[in-house]
Amino acid sequence: MSSSTPWQDRLTEVCRQNQIQAPHFQIVSDRRGGRTAWSSVVTVYGRRIDARYWYDGRNITNAREDAAEAALNWLSNNTNVNTN
């Protein structure tokens, strides 16, 4: 089965397996000239982690995926949470 949100799904599963609170995503925006840029922030394991990039409004799922990937990287490098 193929998922359109593999990083979000993996982050949710890692949280479930490690019995930590499910990730909480927020969408954030920034007005830039005549356009609005969108990004995402995820709170996981008590830490607020920003997506690395800003996206066009059509790509908000990409912003959430970016934040989920960054959160998984942070979890694997800075905690004893098993991300495998």
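The model is predicted, so local features are reported only at pLDDT of at least 70 and side-chain atom pairs only at pLDDT 80 or more, while totals for chains, interfaces and linings use all residues. Residues are numbered from 1 along each chain as its sequence is written, and side-chain values use heavy atoms, with hydrogens and water left out.

Colouring by secondary structure brings out two helices and three strands, in the order α-β-β-β-α along the sequence; helices (H or I, at least four residues) and strands (E, at least two) are DSSP runs, numbered from the N terminus.

Next, switch to the surface, where the protein exposes about 5,500 Å², with carbon and sulfur atoms supplying 42% of it (Shrake-Rupley method, 1.4 Å probe). Of the 84 residues, 36% count as buried, that is, under 20% relative accessible area with a 1.4 Å probe and protein chains only.

Then select the contacts (heavy atoms within 4.5 Å): among those between residues at least 6 apart in sequence, 43% join residues at least 24 apart.

Is Thr5 buried or exposed? Thr5 has a relative accessible area of 18% and is therefore buried. With Thr5 still selected, display Thr61 and Glu65, with which Thr5 is in contact once its neighbours within four places in sequence are left aside.

Key. Buried < 20%, exposed > 50% of the residue type's maximum accessible area, 1.4 Å probe, protein only.
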